[in-house]
Amino acid sequence: MSDEPDDRDVEGPREPGDNPDERRSVASGSDSDPTDSGDGLTKTDDADGPSLETDGEGVVSDRHNPEPTYPDRDDDIGGISTPPDDEEMPLADHIEEMVLRLAVVLLFGAGGTAIGLLWASDAIGFVWFNVFPQGGDAPPPHLYNPLELWLTRIKISSLLGIMIALPAFVYECYLFMRPGLYPNERKYYLAAVPTSVVLAAGGMVFSYVLVLPLLFEYFTYYAEGSAEIAYALGDTFNLIITLTGFLAIVFQIPLFIMLAIMMGVTTRRWLAQKRLYFWAAFAGLSFMFTIDPTMMAPILVAVTMILLFEGTLLVLKWVGQE
């Protein structure tokens with residue numbers, strides 16, 4: 001009888017070749033102990049790491065770390081990076097900030113209107129006798145209620161308030177959107193503030209020099225011989241102020257187009273392809289905000305908007321912008 005111990009009674013590590021299953025595992029290059037989980041996945045226990053589930057091609061999940069991990073918000077995801085100052089805010093904070101910024105804009109507008117009241121009476125006379133084709137022979141204004149003159153003074157003063165509030169509005173919008181803008185977009189937006197003021201002033205001058213005289217010449221022409229002309233001060237200035245303020249906004253079209261193209265929102269080619277849709281939108285807006293049963297004022301405004309749109313596209317094409 002031999003004194004050598006039986007290999008079956010000795011505990012200790014075994015060679016991989018002792019078991020046929022282990023030989024197959026070694027031959028396939030696997031250092032782990034695969035276990036079939038019954039759902040098509042194989043669980044492996046690695047001495048150097050946590051237990052993993054694999055599908056035969058790669059790791060599917062980690063049993064010890066079931067929570068998903070997300071990339072940092074400042075990291076590039078698929079080539080898209082977030083702005084440097086972008087951060088999550090509750091909806092209530094966004095609404096509160098927006099209301100405060102709108103209050104600042106209204107404060108600027110109210111201040112401009114208060115300053116305009118100092119010269120409102122002189123402005124009424126100056127505008128009245130320059131928008132009518134007869135000049136000094138224009139029909140005098142008529143008052144039909146006690147507060148009509150004061151209300152008209154406030155309305156014409158509001159034009160100065162609009163001119164002051166407009167750049168404040170653009171700048172406050174910039175501050176509101178600044179965290180979500182890239183550095184180059186901030187540069188474009190800041191350059192738009194003085195440009196917006198110049199365009200608004202250009203729209204008011206265009207209305208005063210060309211549109212209003214043409215419009216009142218048309219009104220006077222079809223009224224002559226049919227009735228005695230006696231324009232009401234309040235109703236007349238309602239039309240003047242509405243048209244002048246609307247054209248100040250209309251003249252922002254070139255600025256909006258340039259900003260959209262420079263910020264990559266759209267292209268000149270796309271705008272040119274969709275021009276008929278824009279023409280229809282311009283006509284709808286002009287007929288919506290310019291109340292005139294004769295249709296003369298909405299037509300003039302719609303034509304002005306289309307000319308601004310097409311003129312901007314023509315300049316962009318001339319400078320080689322696609």
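Which residues in α6 meet which residues in α10? Leu243, Phe246, Leu247 and Val250 are the residues of α6 that meet Val301, Thr304, Met305 and Leu308 of α10, where contact means heavy atoms within 4.5 Å. By class, this contact of α6 with α10 has seven nonpolar, one polar and no charged residues, with Ala, Val, Leu, Ile, Met, Phe, Trp, Tyr, Cys and Pro counted as nonpolar, Asp, Glu, Lys and Arg as charged, and the others, Gly among them, as polar. The model is predicted, so that local features need pLDDT of at least 70 and side-chain atom pairs count only at pLDDT 80 or more, while totals for chains, interfaces and linings use all residues. Residues are numbered from 1 along each chain as its sequence is written, and side-chain values use heavy atoms, with hydrogens and water left out.

Helix α6 (residues 233-250) and helix α10 (residues 296-318) pack at an angle of about 15°, and their axes are 11 Å apart; the axes are lines fitted to C-alpha atoms, for helices over the stretch in contact, and angles run from 0 to 180 degrees between N-to-C directions. The two helices α6 and α10 are therefore roughly parallel to each other, a term for angles under 35 degrees. Of the 18 residues in α6, 14 are buried, and the helix is mostly covered, buried meaning under 20% relative accessible area with a 1.4 Å probe and protein chains only.

The chain as a whole has 10 helices and four strands, which are DSSP runs numbered from the N terminus (helices H or I, at least four residues; strands E, at least two). Along the sequence they follow the pattern α-β-β-β-β-α-α-α-α-α-α-α-α-α. Buried residues make up 31% of the 322 residues.

Helix α2 (residues 91-116) has 26 residues and reaches 38 Å from its first C-alpha to its last, close to the 38 Å expected at 1.5 Å a residue, that expected span being 1.5 Å times one less than the number of residues. Glu97, Val105, Gly109, Gly112, Thr113 and Gly116 are buried in α2, and the buried residues of this helix pack against α3 (120-131) and α4.

Serine 157 lies in helix α4 (residues 148-177) and is buried, with a relative accessible area of 2%. Leaving aside residues up to four places away in sequence, serine 157 touches Gly112, Thr113, Gly116, Leu117 and Ala120.

Definitions and conventions
Angles under 35 degrees count as roughly parallel, over 145 as roughly antiparallel, 65 to 115 as roughly perpendicular and the rest as oblique. Buried means under 20% relative accessible area, exposed over 50%, partly exposed in between (1.4 Å probe, protein chains only).
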